[in-house]
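The following exercises concern contacts within and between chains. Please work through each task before reading its solution.

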Protein chains: 4
Amino acid sequence: MTADDRPLVILQPAPQRPERIFRPAVRAELDRLFRVVDLSDDQDPASFDRALPEAFAVIGQPDLPTERLAEATALRAICNVEGNFFGNVDYPTAFARGIHVLGCGPAYAQAVAEHALGLALDVARGISREDRAFRSGTERYVADGNADAVLLRGARVGLIGYGNLGRALRPLLEAFAVDLQVHDPWLPDRALAEVGLVAAPLPELLRRSQFVFVLATVTSDSEHLLGADQLAALPDGTRLILVSRAAVVDYDALWSELDAGRILAGVDVWPEEPVPADDPYRRLEGLVFSGHRAGGIPQAFERIGEMVVDDLRQIAAGLPPVRMQVAARELVGRYRNRPVG
Amino acid sequence: MTADDRPLVILQPAPQRPERIFRPAVRAELDRLFRVVDLSDDQDPASFDRALPEAFAVIGQPDLPTERLAEATALRAICNVEGNFFGNVDYPTAFARGIHVLGCGPAYAQAVAEHALGLALDVARGISREDRAFRSGTERYVADGNADAVLLRGARVGLIGYGNLGRALRPLLEAFAVDLQVHDPWLPDRALAEVGLVAAPLPELLRRSQFVFVLATVTSDSEHLLGADQLAALPDGTRLILVSRAAVVDYDALWSELDAGRILAGVDVWPEEPVPADDPYRRLEGLVFSGHRAGGIPQAFERIGEMVVDDLRQIAAGLPPVRMQVAARELVGRYRNRPVG
Amino acid sequence: MTADDRPLVILQPAPQRPERIFRPAVRAELDRLFRVVDLSDDQDPASFDRALPEAFAVIGQPDLPTERLAEATALRAICNVEGNFFGNVDYPTAFARGIHVLGCGPAYAQAVAEHALGLALDVARGISREDRAFRSGTERYVADGNADAVLLRGARVGLIGYGNLGRALRPLLEAFAVDLQVHDPWLPDRALAEVGLVAAPLPELLRRSQFVFVLATVTSDSEHLLGADQLAALPDGTRLILVSRAAVVDYDALWSELDAGRILAGVDVWPEEPVPADDPYRRLEGLVFSGHRAGGIPQAFERIGEMVVDDLRQIAAGLPPVRMQVAARELVGRYRNRPVG
Amino acid sequence: MTADDRPLVILQPAPQRPERIFRPAVRAELDRLFRVVDLSDDQDPASFDRALPEAFAVIGQPDLPTERLAEATALRAICNVEGNFFGNVDYPTAFARGIHVLGCGPAYAQAVAEHALGLALDVARGISREDRAFRSGTERYVADGNADAVLLRGARVGLIGYGNLGRALRPLLEAFAVDLQVHDPWLPDRALAEVGLVAAPLPELLRRSQFVFVLATVTSDSEHLLGADQLAALPDGTRLILVSRAAVVDYDALWSELDAGRILAGVDVWPEEPVPADDPYRRLEGLVFSGHRAGGIPQAFERIGEMVVDDLRQIAAGLPPVRMQVAARELVGRYRNRPVG
């Protein structure tokens, strides 16, 4: 009888479901390479604690405070599959121990970028507005419904935030030969110039952009980054696309601008989700509504599973992870995201 | 007293309006370079006939039968600003005389390509569907509304027709790293290969595509190119985007497929426009409705004026036109397009 | 016994060789679709004249004066396979008759563009210079030989002429994120802007460019377009790449600048070919010499044959040619190119 | 009197020179943000040890064994400006302490990629070979010297190694629409697929490639990765471009293949540098010689200084470094590079 020397992996992905992130073939890879202790349906802390001392990796976002990490002497990787880093892990200890703290944010980037572009083209051309009109028998033909329709090609476009989302969106926008500016306080101007981008201070970006994509994550610094003054600075007719986090924008100010018809918007994230049933803004015309749907599509979930398996195999082979996002010690404590409901 | 030796240009753009195609600066250029006989509001044939003998160019699509061309001894260019070539010109004589017969089709290509991509992203992600749900208080959040949402990135995409529209759409699609096939019976396979495209027979293209863009113009050969059999060949869940001409598709067959929920579609052109008020299909769910709006936006119209002025200046300088589409003698008689109402 | 109703094609490609332009498979296509009268080795005018009345197309550049065209009553296409249009054809008659006058210039464009970029990278980095040093045992290592080495990335680049060559070179340069200007007096500024290019007057382009590519053809207007004054305007250290026609540049002035070490150059075309054996400039250091080799490579020749067969099939099917270059009536008489020896 | 609270930075870049990596403006930035102890010309260990306890960062590659790190209680970053990581640092302690270990490899990537492409185009077209012929009066014109000239466009290309160099080279190659395969044992196939690349096992890549770029670094695993068998597997006429590290290739085997004229090569790195004066291979015809010049150009050096200043400012602001390469704990001990002389 030989011992099974495959590294042990604890799988506790809640609120993710394992069958959603692992296609059968990818799950088979995981099971072939690792001894998987599957706690997807077992939230009992005792089960987790029993497996922890031998665990090579944890897939999921369970609490990992100092005491638990002390037990996890074999731990090499923590693979968050939810998309945000929360305060339930003793990150300093993990970093000091050389445990890889990995996130799955990049898995959603392409889905969000495509959705954001879809919203932008919708508000540029009135696609959902005219579809509604058609359904009520009031559609307009040819140029009659196009008075405010604009091209994206050649437009002045501003990106607020240039992380995973911005990097995924950029090539889609460049196909339209847009005149692009980027604002990201976490990146030196020369880092953007190095990759061919123009950095701009936020006020300048807002003042000149015909399309603005809000792609920033929430930190203590970025709450209401777009308040009434900033929104008022946008040119008339600007299309604002909001797909990252609601806290970045002052929604009362946004509703005022939309209600006045001064700007148009596509909005995927909301201060309160679900939006109250009786919210009077549900009938605003200059807005395309989307229910936090930009990232969470089946292909994005499946990509998480592939990233996890690829990186666990890398680490088990003595190589660095290359697919998941490596948590930065400087940033992991700054995020103010709440779990997605 | 000196004679005005600027070439004479007759401007009779109806149904286009001159102020829509010529921005003031461009109109000023036209007026500076040419003696413009503006018949925008004068449809009296006598006015036209009076100016014709001295005309260097005609901007518009008036009748130019053999007899009229015989009078137009100075004519060097006919600049169609409507988008389609009709049978009201003696094309053989124009070609034999070396008169440039020019169309403004390319002016619309970018607008149509952007609209087509907007429709594709809408049906890929359910953007207008979920916007409607939001307005009726039945929206779904996060993954709940995304069961059938798909990425465009990496998708198998087929283009039917590869003219102005296809060339404008291609770079937008390539930003998504799609797996592209093209069917265009007017182009040799090697002409497509030369520019890096894969030519495919129509049946193969239909059988494998997850997104199909119908970009073909109507000729005697292309009517109902997509009939019941062709539509039945599409894989389940295919997104069909129809932005060129309605006659290319059998709409009864299309409604059947949509009604069955087997495919999804974004449709901008209709067999009858306006669509009858009581058309029962107005409430189909798997369809994004658009009222022949893909091309006719203000920036497209203004581009026509720029193209006309640029090419007339080229011709007056003894250079070939480079911006408008040169009518092919082989094709000018084949189109079966009707004027846009 | 049935008549052979394949259209008749006269093949007299001299100085081209048929086996060089037609790969066996492509020649087989030609022979299957057409009755080919192969006069590749028969320059007897009588042979040509015998075939002419029935000829659907001529492949080659034989004399076609007015009288001969009068005999060629079935002629639909003249396919020049040499690269330049000469004065030995009655072009006005051909155009009036609707005979397609086609050139093979585009077949060479990719080869020239790649060679031009190779020359540019050579003079940017001293590749052939240091290879020579290595062979003489005087090579330098690491930074020692790199004092004047520059990146192409981000450089200010000027293109003089934007026809086939410019269009082929552009994407290669754009991969380096260059800051591009274009000067082409045959194109309206807006035509360049339309495709995302910046038009510049020649003096401005010369004054600011770190790399200049001379891609212009020769006409009565472009002889010595780059004379002593223009070359003197180039910034110190400019890399000049000359791959189109020698007559565009004043070589005495060019040698002076090179001899002074003020600029560097890659030169593929020469006022006299072969260059005299005792030309003292053969040992200039700041120059990469190339013997009119940029275009004439096997793959370019084979592309000519493919273009010819594709377009003849198009025309025979009642479709316009799409691969060869359609001669512009305005330009065909302007070229001043001499046959390549 | 107020204390200077700018963080202290030790600058000891040898063998780099500070004036080569810091343009005056960038040096001024460094001096404004930090108290710089400039030991560029002071290799006395005592000087270094005196500054170390207060040092926020070290710019250079001095020895940092365990004992020294123990003294460096304020140390937050080690910025290597030489290009390779050596064994003179106690990396485990640095990682455990959360000290950023940063390398400047990316600074060279664009320069190497451009040089590699220049070598590839040279061997594709015989640019330096024909330049030499010209200088000796034996040049050939037009097609005569082009019998073996090939296009890069559409060629089958293999990249061995896909790190900084591969990522910089890729867009340059894609502009040629090459058919690309990548072999990198440190990357999962899906990581390459994710960014649109095709992973291939080394034997397959070698067997099918018309151009091979060797971009791999040296580790214990990659020595003589390309031995006699691998080189023999290359198709006749393959162009091999070697710009990373000599140890990856068996040069005796390479010379045999080149001497036989079976393949062509551009070589920038050598088993012994300088190459012995009497090396008989110095006159090989199918080879372009380059003296380890691909990376070390002025613009690359200046980029190092910018990266250092940008990342030190990031770290001082509590943000992660974003421009230099973060050393991977798994790889930092694997490299077998020797210092560049």
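**Exercise 1.** Determine how many residues of domain 1 of chain A are in contact with domain 2 of chain A, and characterise that boundary.

*Solution.* 
Step 1. Contact means heavy atoms within 4.5 Å; eleven residues of domain 1 of chain A meet six residues of domain 2 of chain A in this way. The model is predicted: local features require pLDDT of at least 70, side-chain atom pairs count only at pLDDT 80 or more, and totals for chains, interfaces and linings use all residues. Residues are numbered from 1 along each chain as its sequence is written, chains are lettered from A and ligands numbered from 1 in the order in which they are written, and side-chain values use heavy atoms, without hydrogens and water.

Step 2. Domain 1 of chain A comprises 8-104 + 298-326, and domain 2 comprises 108-289; these bounds come from an automatic or database domain assignment. Over C-alpha atoms, the centres of the two domains of chain A are 34 Å apart.

Step 3. About 510 Å² is buried between domain 1 and domain 2 of chain A, with 40% on carbon and sulfur atoms. Buried area is the accessible area (1.4 Å probe) that two parts lose on being put together, summed over both. Helix α13 (residues 298-316) of chain A supplies four residues, the largest share of the domain 1 side. Helices (H or I, at least four residues) and strands (E, at least two) are DSSP runs, numbered from the N terminus.

**Exercise 2.** Describe the interface of chain A and chain B: what area is buried, and how many salt bridges are found?

*Solution.* 
Step 1. Each chain is represented in the contact, with 62 residues from chain A and 62 residues from chain B. The buried area is about 5,200 Å², and carbon and sulfur atoms give 57% of it. On the chain A side, A:Phe134, A:Arg135 and A:Arg293 lose the most area to chain B, together 17% of what that side buries.

Step 2. Six salt bridges cross the interface of chain A and chain B, each defined as a side-chain nitrogen of Lys or Arg within 4 Å of a carboxyl oxygen of Asp or Glu. A salt bridge joins B:Glu139 to A:Arg282 (2.8 Å, N to O).
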